[in-house]
Amino acid sequence: MIALQVDRDSIDDVDRRIIVATQKGLPLVPRPYHAIAEALGLSPDDVMSRMKRLAESGVIRRIGCIPNHYALGIRANAMSVWDVPDEKVGELGRRIGALDFVTHCYQRPRHLPLWPYNLFAMVHGRDRAEVEREVDIIAAELGSSCRARDILYSTRILKKTGLRLAE
Amino acid sequence: MSDRAASLDETDRRIINALQGGFPVSEHPFAEAAAPLGISEDELIRRVDHLVSAGVLSRFGPLYNAERLGGAVTLAAISVPEAEFERVAALVNARPEVAHNYAREHRLNMWFVVAADRPERIAEVLALIEAETGFPVLDMPKMQEFFIGLRIAA
């Protein structure tokens, strides 16, 4: 079950070419959108208005620095998972997502009895002690709404290719 | 403490913290983004270029939302006995739709992200992985998303 807002109709071939040209990063020049326009044979205004539209519609989440957590010394990567009442998950998720050490925060389905957790918060720290302090802060924030919790540390990256549109 | 994180000066840190979103779409976006940071357009471009080549940033630019591109993404988990772990990892990783796969310390010890160009394909891929590996796959698609970001000590 995926709550999808499928927008494939709103992305045309020109948008797709712009996405393919920018998904690995913007040209680091004073007028990057002009450089993309030139490379694709489009007008700069067309490229900019399309990118603004993609950002407004949520196809672009954000534009800026995409940090490499490992290079920033953030080596302990833990998935903290929480069982909270469904009727409170929206409000609690927004509060947890606002904490500065939480990089991703989602509601996901439970799989009872094996998996009772419905709120996922990715937490990063320099070591496990730091991650545990951060998880304690989340626990304090959730208070009595937290019925169960767990921390899943990653021990190995088995594969990481990222999401890419075919070129 | 990482070597590369340690080598960042205060301006680099301010750039990373201030510019994880909101980079303008305009004729001179670097000049606009540089002004509130109190640096010049040239300096911002030079520093971002350095942060990317040093690997501190994976890249600088738009972060696209795969679901909104008409595709679909899910997070899936399998509980794999240690003796079978490498065999199952090889089968899971061999699927082109598997973008990330992490080993985690838990009874559910393999967690991977599946991305496909159409939503129906997700269920097909998970069924194929169940058939190939012989283990049940738990599908945990995102139902709601709350802020994404990373802050480093300034």
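Before you click, note that the model is predicted: local features need pLDDT of at least 70, side-chain atom pairs count only at pLDDT 80 or more, and totals for chains, interfaces and linings use all residues. Residues are numbered from 1 along each chain as its sequence is written, while chains are lettered from A and ligands numbered from 1 in the order in which they are written.

**Stop 1: two helices in chain A**

Select residues 13-22 of chain A for helix H1, then residues 32-40 of chain A for helix H2. (Helices are DSSP runs of H or I with at least four residues, and strands are runs of E with at least two, numbered from the N terminus.) At what angle do H1 and H2 pack? The angle is about 120 degrees, and their axes are 11 Å apart. (Axes are lines fitted to C-alpha atoms, for helices over the stretch in contact, and angles run from 0 to 180 degrees between N-to-C directions.)

Now show side chains: A:Arg17, A:Ile18, A:Ala21 and A:Thr22 in H1(A) meet A:Ile36, A:Ala39 and A:Leu40 in H2(A). (Contact means C-beta atoms, placed from the backbone, within 7 Å.)

**Stop 2: all of chain B**

Select chain B and switch to cartoon: you will find 6 helices and 6 strands. Follow the sequence and the pattern reads α-α-α-α-β-β-α-β-β-α-β-β. Zoom out, and the C-alpha atoms of chain B fill a box of roughly 60 × 35 × 25 Å, taken along the principal axes. Among chain B contacts between residues at least 6 apart in sequence, 55% join residues at least 24 apart. Finally, colour by burial: buried residues make up 37% of the 154 residues in chain B. (Buried means 20 or more other C-beta atoms within 10 Å of a residue's own, exposed means 12 or fewer, and partly exposed lies in between; C-beta atoms are placed from the backbone.)

Terms used
Contact = placed C-beta atoms within 7 Å.
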